[in-house]
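The entries follow in the order of looking.

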Amino acid sequence: MQWLIGGCGALLVAGAAYWKQSLSLSGMLAAVLMGTIYFGAGNLFWFGILLVFFISSSLLSKLHHENKAELEATYDKTGRRDAGQVFANGGLGMLMVLLNAVYPLEMWSFLFIGVMATVTSDTWATEIGTLAKRPPRSVLTGKVLQAGTSGGVSLPGTLAAAAGGALIGAASWGLRLGTGMASHPLVLLVSAGLLGGLAGAFADSVLGATVQRMNRCTVCGREVEASSHCGKPTVFARGWRWMDNDAVNAVSSITGGAVALLVSYIG
């Protein structure tokens, strides 16, 4: 029955996202599978945090500003998430759910909080950071960068990342109470989400500035993530060829999960 409830709930949410064009068809199918596993192998704690990330990120992706279409043209993936993006953002969390189902340990839930805080913080930072009036600066050198450049950070984006991570921590506290799981102080869970999310988001920026695969547009000369720009295929510019945006998300999520787990031990 729990698997059936999870499947129906996931289908309802993913179907609505597909209708709103937040998900592609492959993304919708991946989200249904993932949501079913989150609830079926876990409970409302795991599924609820996934919903907090997904709904908040989908709403923020609908924010409109004059440069959004231009910036999205430089990204490897756009606002309408496909299956690859869905699994890149929620796949590690799903692994935590399955590991907890097979061998229950409290560490899985803190790793999960850090992973989900990271993807939430990174998404919030991107969506809010692009609204900043001032251009971003390099996370490594502080040099002013063009909006949308990988490795760039801004104050609004950083504050958004902190808020996203803290929200995941606060939601985890409420969901744990609601599902009868072992309780932890609110400040501990918020700290785990906040610090894990910030660590993961900054890891994403550092990777973007150093080893992420970047391409160069043969028309305008801009460095972009996308495989095409200005209507023409781009050419490899720098980084590790295998380190695409999905790989960066995975490494960053592992970083955020590790920091959240460390917070749990310190707390």
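Helices here are DSSP runs of H or I with at least four residues, numbered from the N terminus. The model is predicted, so I kept to its limits: local features need pLDDT of at least 70, side-chain atom pairs count only at pLDDT 80 or more, and totals for chains, interfaces and linings use all residues. Residues are numbered from 1 along each chain as its sequence is written, and side-chain values use heavy atoms, with hydrogens and water left out.

Entry one, the pocket. I looked up which helices line the second largest pocket and found that α1 (2–19) and α3 (44–61) each supply at least two residues. α3 gives the most, with 4 residues. I listed the lining as V13, A16, A17, K20, S22, F54, I55, S58, L59 and K62; lining residues have an atom within 4 Å of a pocket point on a 1 Å grid, where a pocket is an open set of points that fit a 1.4 Å probe, with protein on both sides within 12 Å along at least five of seven lines. By class I noted 6 nonpolar, 2 polar and 2 charged residues in this lining.

Entry two, the helix pair. I looked up α8 (residues 186–210) and α9 (residues 245–266): their axes come within 7 Å and cross at roughly 150°. That makes α8 roughly antiparallel to α9, the term for angles over 145 degrees between N-to-C directions of lines fitted to C-alpha atoms. The contact (heavy atoms within 4.5 Å) includes L188, A192 and L195 of α8 and V248, V251 and V259 of α9. I noted its residues as 11 nonpolar, 8 polar and 1 charged.

Conventions:
Nonpolar A, V, L, I, M, F, W, Y, C, P; charged D, E, K, R; others polar. Axes fitted to C-alpha atoms, helices over the stretch in contact; angles between N-to-C directions. Parallel < 35°, antiparallel > 145°, perpendicular 65-115°, else oblique.
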